[in-house]
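I opened my notebook to look up a few things in one structure. Come and read along with me.

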Amino acid sequence: VAENQEQIAVALRRRDVATVVAPGDRATLNDAIATYLNEARLRRNRQKRGQELVDGHGCKRVADALVPY
């Protein structure tokens with residue numbers, strides 16, 4: 001995780017939306033991939049949490065903030 005992304009990674013991990021792996025930690029990355037491949041329930045739960053977190057309207061909100069009506 002890049003330094004400027006650490007806070008986002010921590011927040012996603014806390015909400016159990018993502019698995020965060022330290023750069024260069026191949027063993028943990030391999031374990032995380034295997035877990036995702038083998039645990040459909042984990043994938044479904046994280047998909048649902050991710051959809052609740054991201055509504056798809058972020059670009060519009062930024063544009064509206066930059067160019068008021």
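Here are my entries, in the order I made them.

**Ground rules.** I am working with a predicted model, where local features need pLDDT of at least 70, side-chain atom pairs count only at pLDDT 80 or more, and totals for chains, interfaces and linings use all residues. Residues are numbered from 1 along each chain as its sequence is written, and side-chain values use heavy atoms, with hydrogens and water left out.

**Confidence.** I looked up pLDDT, the predictor's confidence in each residue, from 0 to 100. The chain averages 92, and 99% of the residues score at least 70. Among the elements of the chain, H2 has the highest mean pLDDT (97) and helix H4 (residues 58–66) the lowest (90). Helices here are DSSP runs (H or I, at least four residues), numbered from the N terminus.

**Helix H3.** Which residues of H3 are buried? I found Leu-42, Arg-46 and Gly-50. They cover an arc of only 65° around the axis, so they sit on the same side of H3; the arc is that of the directions from the helix axis to the C-beta atoms. On the other side of H3, I noted Arg-41, Arg-44, Lys-48, Gln-51 and Glu-52 as exposed. Buried means under 20% relative accessible area, exposed over 50%, and partly exposed in between (1.4 Å probe, protein chains only). A reminder to myself: an α-helix has 3.6 residues a turn, so residues three or four places apart point the same way.

**Salt bridges.** I counted four salt bridges, each a side-chain nitrogen of Lys or Arg within 4 Å of a carboxyl oxygen of Asp or Glu. Asp-16 pairs with Arg-49, with the closest N and O atoms 3.3 Å apart. Asp-16 lies in the loop between helix H1 (6–14) and H2 and Arg-49 in helix H3, so this pair ties together parts that are 33 residues apart in sequence. Asp-55 forms a salt bridge with Arg-61, and their closest N and O atoms are 2.9 Å apart. Asp-64 and Lys-60 meet at 2.8 Å, N to O. Both lie in helix H4, four residues apart, about one turn of the helix.

**Partly exposed residues.** I checked Asp-64, which is partly exposed because its relative accessible area is 27%. Lys-60 counts as partly exposed too, at 45%.

Definitions and conventions: Helices (H or I, at least four residues) and strands (E, at least two) are DSSP runs, numbered from the N terminus.
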